[in-house]
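Please look over the chain shown here before reading on.

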Amino acid sequence: MAGTTGGWRRIVKAAGYSWQGLRAAWHHEAAFRQEAVLAVVAVIVACWLNVDTVTRILLIGSVVLVVIVEVLNSAIEAVVDRLGPEIHPLSGRAKDLGSAAVFLALLLAAFVWIALLWQWW
């Protein structure tokens, strides 16, 4: 029984840390706020559309992926900024790679929405 309690306690703590991370992203990251609002609107639209379940999941999943990648990008940027203010090529590369990941996720979401809605029209 003690293992179960410890397991649940760990899960609750992990959920708390995740909530803190989402709050920090909302509070400190303008791009996260923009993409989160866009994701909420996209989820509402996807639920409103008369499409099959798989299409709806792909539409929603593609925009949620953008938010996930943005959170990871923000984490990379925070770590790089924590290391120091001096300009270093590797710091710039890390930030650029994180930004590229967000860009690719956005392109994927746009492609998914266009491809799936194109056949819906």
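## The largest pocket

Helix α2 makes the greatest contribution to the lining of the largest pocket, supplying 5 residues. The model is a predicted one, and within it α2 (30-48), α3 (53-83) and α4 (89-120) each provide at least two residues of that lining. The space in this largest pocket comes to about 160 Å³.

The residues that line the largest pocket are Glu35, Leu38, Ala39, Val41, Ala42, Val63, Val66, Leu106, Ala109, Ala110 and Trp113. Sorted by class, this lining holds 10 nonpolar residues and 1 charged residue, with no polar residue among them.

## Overall form

The protein contains 4 helices and 0 strands, and read from the N terminus its elements follow the order α-α-α-α. Along the principal axes, the C-alpha atoms occupy a box of roughly 50 × 50 × 20 Å. The radius of gyration of the protein is 18 Å, whereas a compact globule of 121 residues would have a value near 14 Å.

Of the 121 residues, 25% count as buried.

## The aromatic pair

A pair of aromatic rings is described by the distance of the centres and the angle of the planes. In this protein the count comes to 1 aromatic pair, and its partners are Trp26 and Phe32, whose ring centres lie 6.4 Å apart with an angle of 90° between the planes. The pair is classed as edge-to-face because the angle between its planes is 90°, and the class takes in planes over 60 degrees apart.

Are the two partners buried or exposed? Phe32 is buried, because its relative accessible area is 6% and the cut-off for buried is under 20%. Trp26, in turn, counts as partly exposed, because its relative accessibility is 42%, a value between the limits of 20% and 50%.

His28 belongs to helix α1, which covers residues 2-28, and it counts as exposed because its relative accessibility of 58% is over the cut-off of 50%. Between His28 and Leu97 there are 69 residues of separation in sequence, and their C-alpha atoms are 20 Å apart in space.

Val45 is part of helix α2 and is partly exposed, with a relative accessible area of 32%. Its C-alpha atom is separated by 9.3 Å from that of Ile60, a residue 15 positions away along the chain. Asp81 is placed in helix α3 and likewise counts as partly exposed, at 47% relative accessibility. How far apart are Asp81 and Leu107 in sequence and in space? They are 26 residues apart in sequence, and the distance from C-alpha to C-alpha is 27 Å.

Methods. Residues numbered from 1 in each chain as written. Predicted model: local features only at pLDDT ≥ 70, side-chain atom pairs only at ≥ 80, totals over all residues. Heavy atoms only, no water. 1 Å grid on protein atoms, 1.4 Å probe; cavity = no way out; pocket = protein on both sides within 12 Å on 5 of 7 lines; lining within 4 Å. Points joined across faces, edges and corners; volume = space filled by probe spheres on them. Nonpolar A, V, L, I, M, F, W, Y, C, P; charged D, E, K, R; others polar. Phe/Tyr/Trp six-rings, centres within 6.5 Å; stacked < 30°, edge-to-face > 60°. Buried < 20%, exposed > 50% of the residue type's maximum accessible area, 1.4 Å probe, protein only. Rg over C-alpha atoms; globule rule 2.2 N^0.38 Å.
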